[in-house]
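Work through the exercises below with the coordinates open. Each task is followed by a solution in steps.

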Amino acid sequence: MTIQRQYSLPNCTLILHGLNQSIGFGAQTEVRPLISILMTTECHFAGHNEVLRGGREFFESLIFAVSTYAQEFLSQVQMPIQERLRQRPSVVLVYLERIDRNLHRLTVKPQDPNDPNQANAAQLNLTTVHLFDLVEAIDQFFADPQTLPDLSLQLAPLPKRYAVSREPLVERAAPVAIGASGLVLAAAALFMLPVPEVKRTEPSPTTAEPGAVQSPASSPSPGAAPTTA
């Protein structure tokens, strides 16, 4: 019997159809049986009538493409194409590219080029809300221990050297130029300020001049006799 898992968000719904490899009676009577074999993956987006479908290879490529692209989108650091190809699964079916600030193109290559029903690649233009609802649906899948527990995703942190090398020279030089111009303006402002006057302190009127000597009150000389009337 086919088992279905559904991870629903307002703008994206991820549906997985699979089987339980165990054939015991206990496995068949589980309330939430384990999905160990993935048969079909469906990806629905709000506002789009087209449904993306595929098997396990499509699902693994979708997980890697979406997770890697979201990492680059949030960090604003784009991984070089050689590094991206080295980390991708052997079969690459899903691509994501940025169209503008709020629009992202999801491209799915045909799994079987010889199949006339899959002659052309499917393309959907997703908004950023669509994109991160899909990221959340994938996160819910990885948090579910009863669905494909053998499937894992390993993303390495993006090296900082890519951020430095991709930063334009003008943007890197702007803070230096702003700092230098700020010093020039500060120096010019200080140059235009008037020189403050220094006032000399004048002596107080009660202070005696240095050359003046105050004589004591005159007293009668010793030899003078007092006059009588």
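Predicted model: local features only at pLDDT ≥ 70, side-chain atom pairs only at ≥ 80, totals over all residues.

**Exercise 1.** Determine the strand order of the open sheet of 4 strands, and find which strands stand at its edges.

*Solution.* 
Step 1. The order in this sheet is β1-β2-β3-β4, and the pairing is antiparallel.
Step 2. β1 (3-8) and β4 (52-54) each have a single partner strand, so they stand at the edges and one side of each has no neighbour in the sheet.
Step 3. Direction ignored, neighbouring strands are turned against each other by 15 degrees on average.
Step 4. For the pairing of β1, look at strand β2 (residues 12-19): the two run antiparallel and are joined by 6 bridges. The residue opposite Q4 is H17 in β2.

**Exercise 2.** Describe the open sheet of 3 strands in the terms used above.

*Solution.* 
Step 1. Its order is β5-β6-β7, with antiparallel pairing.
Step 2. β5 (94-100) and β7 (122-127) pair on one side only and are the edge strands.
Step 3. From one strand to the next, the twist averages 25 degrees.
Step 4. Between strand β6 (residues 103-108) and β7 there are 6 bridges in the antiparallel sense. V108 has A122 of β7 as its bridge partner.

**Exercise 3.** Classify the crossing of α2 and α4, and state what kinds of residue make the contact.

*Solution.* 
Step 1. Two packed helices are described by the angle between their axes and the distance between the axes.
Step 2. The axes of α2 (residues 56-75) and α4 (residues 128-142) come within 10 Å and cross at roughly 125 degrees. That angle makes α2 oblique to α4.
Step 3. The crossing is left-handed.
Step 4. On the α2 side the contact is made by F59, L62, I63, V66, Y69, A70, F73 and L74. On the α4 side it is made by T128, L131, F132, L134, V135, I138, F141 and F142.
Step 5. Sorted by kind, the residues of this contact are 15 nonpolar, 1 polar and no charged.

**Exercise 4.** How many aromatic pairs does a search of the whole structure find, and how are the rings of F59 and F141 arranged?

*Solution.* 
Step 1. The search finds 5 aromatic pairs.
Step 2. For F59 and F141, the ring centres are 5.0 Å apart and the planes are at 80 degrees, so the pair is edge-to-face.

Technical notes
Residues numbered from 1 in each chain as written. Heavy atoms only, no water. Axes fitted to C-alpha atoms, helices over the stretch in contact; angles between N-to-C directions. Parallel < 35°, antiparallel > 145°, perpendicular 65-115°, else oblique. Left-handed = near helix turned anticlockwise from the far one by under 90°. Contact = heavy atoms within 4.5 Å. Nonpolar A, V, L, I, M, F, W, Y, C, P; charged D, E, K, R; others polar. Pairing = 2+ DSSP bridges. Phe/Tyr/Trp six-rings, centres within 6.5 Å; stacked < 30°, edge-to-face > 60°.
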